[in-house]
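Thanks for asking me to look over this one with you. Here are my notes, in a few numbered points to read beside the structure.

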Amino acid sequence: MEEKIIIKGNSGPKVRSDCEVKISPLKDGSENEIVLDSKVDSMYRTPNLELINEVLGFYDVKGVLCEVHDRGALPFVIAARLEAACRDLTGSTAEYLTVMHPANNYSTEAARPRFSRLYLPGNTPSMMLNAGLHSPDGIILDLEDSVAPGKKDEARILVRNALRSLNFYGVERMVRINQGKSGIGDLNYIVPHNVNLILVPKCESSLYIKELENEIREISSRYNIKNRIFLMPIIESALGIENAYEIATASENVVALAIGLEDYTADLGVQRTIEGSESLYARMRLVNAAKAARIQPIDSVFSDVDDMEALRSTVLKSKAMGFEGMGCIHPRQIEVIKKAFAPTEDEIEKAYRIVLAFKEAEKMGLGVVSLGSKMIDPPVVNRALKTIELALQFGLIEKDPDIEDEQSEKQ
C-alpha cells in the first residue's frame, strides 16, 4: 500500500451533518488507531466506532491512523466518506453498500406530475436530509455543476448511499449526472439503487441519449433491475435547441425536456433577464418540441431565492407558454411554484361548464355547442378536461363521475 495521506469529506465551522476523514500510515506498522472527534459523541460513539472499524476491515486497511472529525453525520455519510478514502488508499473498486431503506422501493410513471423539482448538491448531505418533507414533485441529487471537480468521486458514493438510505417520502428520486463520458460513469453508482429519473445536462443530440440508454440497459441487466428509469434531457445550448425534437423522441424513456437558461444565454453571449425576451425563441421551441413528442416541457430554475413575487410572476408566464414545471434551488420556492402552476377556481369552474355543456350537446346529437358567446368543439373540451385532471392532481377537487366518464371516453 502506497504511503500517502488521504482526506475526504468536508470540515469547517459551517459544516453540519457531515464529517471529514483523514487516513495516514503509522510508521511502525502497528494496529489501526482510530481518533473520533464527534459533536454527538455521548450518544453515538460506540456505533460510529463499530462502523469505522467495519469499513476499514471491508477494505482490508491496516496499520493506519484514521481520524474522523464528525459534525453530526448520519451513518450513510460516514460510510461514504470512509469508502472514498479507503478506495483512494487501496485502489479497490469494491462497494461498501448501506442498507436500502424499505420506504424507497417504489417506481414512478412517465406521466407523473413534475411541477417542482428541488436541486440538492450531491456532496452536501445536510441539504439532503428530510428534503422529501418539503413535498416537491422530485428531488434532484446533483452530481454536475454543484460539485467541485475534485469532489466528483466522493459525491458519486454519497449520492449512491443517499439513494439507498434516505427516506424520500414517495418523492420522485432524480439524479443529474455529469456531461459526456463522466456521466456514463455516474450510471454505475445510481442505476442499481432505484433511481427513478436521470437528468442529462447540456444535451445536444439524440446519439448521447442512445448511448446512455445502452449503458442503462446493460447495468440493469447485470443487476436484474426491473423498474423503468426515465430520462429528462436538459437543453442548454443553441445547438441543443435546434435539435430539441430529435432529442425528445430519442427514446421512449425520455419523459420530459428541460431548458437551462444560464448556460443557454451564455452560449448566445447575452445576459439572462427576468423578462426573458432573450430566450423566448428557445423556450417556445422547446415547448413545441416537447408537446409534439407528447412529453413534459420543463422550465429553467429561478435564481433569486428571496423574491417570491418575481418567482410567481415568472411561473405564471411559464405556465402560459405551455411549460409544465420548473426547477427549484431552495425549498421555499416549492409552494410558490406549485400554486402558480395549479389551475385557478375560475379556470376549474369554466372547465366544468364546458365539459358538462358538451356532454349535453352530445346527448342531443350536436357536434358543437356554444357557451355564452364562445363555440365549444372537441379541442376546447380536451383542454377543459386537462384542466380538471390538473385540479385533481393538486387535490383541489374531488372526482366527479360525470366528468370521469367523459375523460375515459376521450382517452
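**Notes on the helices and the overall fold**

1. Let's start with helix α11, residues 332-341, where Q333, I334, V336, I337, A340 and F341 are buried. Buried here means under 20% relative accessible area, with a 1.4 Å probe and protein chains only. Helices are DSSP runs of H or I with at least four residues, strands are runs of E with at least two, and both are numbered from the N terminus. The cover over the buried residues of α11 includes β5 (116-121), α10 (308-321), β12 (326-328) and α13 (378-393).

2. A word on where this comes from: the model is predicted, so local features need pLDDT of at least 70 and side-chain atom pairs count only at pLDDT 80 or more, while totals for chains, interfaces and linings use all residues. Residues are numbered from 1 along each chain as its sequence is written, and side-chain values use heavy atoms, with hydrogens and water left out.

3. Now the pair α1 (residues 41-58) and α2 (residues 75-90): they pack at an angle of about 30°, with axes 10 Å apart. Therefore α1 counts as roughly parallel to α2, a label for angles under 35 degrees. The axes are lines fitted to C-alpha atoms over the stretch in contact, and angles run from 0 to 180 degrees between N-to-C directions.

4. On the α1 side, N48, L51, I52, V55 and L56 meet P75, I78, A79, L82, E83 and C86 of α2; contact means heavy atoms within 4.5 Å. By class, this contact has nine nonpolar, one polar and one charged residues. Nonpolar covers Ala, Val, Leu, Ile, Met, Phe, Trp, Tyr, Cys and Pro, charged covers Asp, Glu, Lys and Arg, and the others, Gly among them, are polar.

5. Helices α3 (residues 152-165) and α4 (residues 180-190) pack at about 35°, with their axes 9 Å apart. Here R156, I157, V159, R160 and L163 of α3 meet S182, G185, D186, Y189 and I190 of α4. The residues of that contact divide into five nonpolar, two polar and three charged.

6. Finally, the whole protein: you will find 14 helices and 14 strands in it. Its C-alpha trace spans about 95 × 45 × 45 Å along the principal axes. Of the 411 residues, 51% are buried. Among contacts with a separation of 6 or more, 73% come from residues 24 or more positions apart.

Methods
Parallel < 35°, antiparallel > 145°, perpendicular 65-115°, else oblique. Buried < 20%, exposed > 50% of the residue type's maximum accessible area, 1.4 Å probe, protein only.
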